[in-house]
Amino acid sequence: MTLDFKPVELFGGAIVAHIPNSYADVSNIREVPDHQEIYLDASGFSSVIIELAERVTQPPTDEEALKFHFEDIVDDHDTSRIWRTDAAHLAHFSPDTPCYTLLATTAPPPPSNGNAARPLTPTFTCVILTLIRLIPQATDVVVTINIPHIPGQQEPSDPTVDFEQGKFGSLVEEGVRIRDEVWKSLEVKDWGLFAGADE
């Protein structure tokens, strides 16, 4: 599937990035916290969230901070699994900027009391998270791509989704392409956005 992207201004234009054309700004339909930008796929269920968070200093390492941010956004750690972590390379940031990424899944808890699952309940959600650590600005930029896997929503030609074998399915592969485009396009235009930023 071909993805077309559009440039968007984030946080009043202080940051710019490319996201898919089909993704819409959630703030046009509901209130979004000032430290977040959320875009939702108008033709599906996936989303992109860009968040400015206070830099995590405990746990002390960058890799542990990556996992901390992931655990902060998932509801049930018992049904979550991190499949892959790696260093990330963003085109518009210095090579000295610590950047990391992970690919993980999280599943909803089973229905209680024998009740059937609600319609459109995902069997699991794939989370593709990128962490950009702006040390002088005491800020962690967290980009999260959420891809719910809902029965019947996958393309019929998809291979069997098997994360153990590295078979992620077309929706997750699309999410990886979105992440890669964000890596190429995300750029800070106004460092004054961050408290204590160097002018």
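Which residue forms a salt bridge with Glu181, and how far apart are the closest N and O atoms? I looked this up first. Glu181 pairs with Lys184, with the closest N and O atoms 3.4 Å apart; a salt bridge here is a side-chain nitrogen of Lys or Arg within 4 Å of a carboxyl oxygen of Asp or Glu.

**Basis of the entries.** I worked on a predicted model, in which local features need pLDDT of at least 70 and side-chain atom pairs count only at pLDDT 80 or more, while totals for chains, interfaces and linings use all residues. Residues are numbered from 1 along each chain as its sequence is written, and side-chain values use heavy atoms, with hydrogens and water left out.

Entry: Helices (H or I, at least four residues) and strands (E, at least two) are DSSP runs, numbered from the N terminus. I then checked accessibility, where buried means under 20% relative accessible area, exposed over 50%, and partly exposed in between (1.4 Å probe, protein chains only). Glu181 is buried at 14%, whereas Lys184 is exposed at 53%. Salt bridges that share partners join Asp62, Arg133 and Asp140 into one network.

I found five salt bridges in the structure. One of them links the side chains of Asp62 and Arg133, at 2.8 Å from N to O. Asp62 lies in helix H1 and Arg133 in strand E8, so this pair ties together parts that are 71 residues apart in sequence. Both Asp62 and Arg133 are buried. I also recorded a salt bridge between Asp180 and Arg179, whose closest N and O atoms are 3.0 Å apart. Asp180 is partly exposed at 31% relative accessibility, and Arg179 is buried at 16%.

**Entry: backbone geometry.** Most residues other than glycine have a negative phi, and most peptide bonds are trans. I therefore listed the exceptions, citing that general rule. A cis peptide bond joins Gln58 and Pro59, with omega about 10°. Pro59 is in the loop between strand E5 (47–54) and helix H1 (62–73). Phe11 has a positive phi, near 55°, and is placed in the loop between strand E1 (5–10) and strand E2 (15–20). Phe11 is buried, at 13% relative accessible area. Ala138 also has a positive phi, near 50°, in the loop between strand E8 (124–134) and strand E9 (139–149). Ala138 is partly exposed at 44%.

**Entry: nonpolar cores.** I took a nonpolar core as a set of buried Ala, Val, Leu, Ile, Met, Phe, Trp, Tyr and Cys residues joined through side-chain atoms within 4.5 Å. The largest has 35 residues, and those with the most contacts inside it are Leu10, Ile15, Leu90, Ile132 and Leu186. E1, E2, E5, strand E7 (99–106), E8, E9 and H2 each supply at least two residues of this core. E8 gives the largest share, five residues. Apart from this core lies another, of 12 residues, among them Val56, Phe70, Val74 and Val127.

I examined Ile132 for contacts (heavy atoms within 4.5 Å). Beyond its neighbours within four places in sequence, Ile132 is in contact with residues including Leu90, Phe93, Cys99, Val141 and Leu186.

**Entry: strand E7.** Which residues of E7 point one way, and which the other way? Cys99, Thr101, Leu103 and Thr105 point one way, Tyr100, Leu102, Ala104 and Thr106 the other, and all are buried. In a regular strand the side chains alternate between the two faces of the sheet.

I then traced the pairing, which requires that DSSP finds at least two bridges between two strands. Strand E6 (residues 80–87) and E7 run antiparallel and are joined by seven bridges; Asp86 has Thr101 as its bridge partner in E7. E7 and E8 also run antiparallel, joined by eight bridges, and Leu102 stands opposite Leu129 in E8.

At Thr106, in strand E7, I recorded burial at 14% relative accessible area. The side chain of Thr106 makes a polar contact with the side chain of Ser80 (3.0 Å). A polar contact is a pair of N or O atoms within 3.5 Å; within protein, one must be able to donate a hydrogen and the other to accept it, and residues adjacent in sequence count only if both atoms are side-chain atoms.
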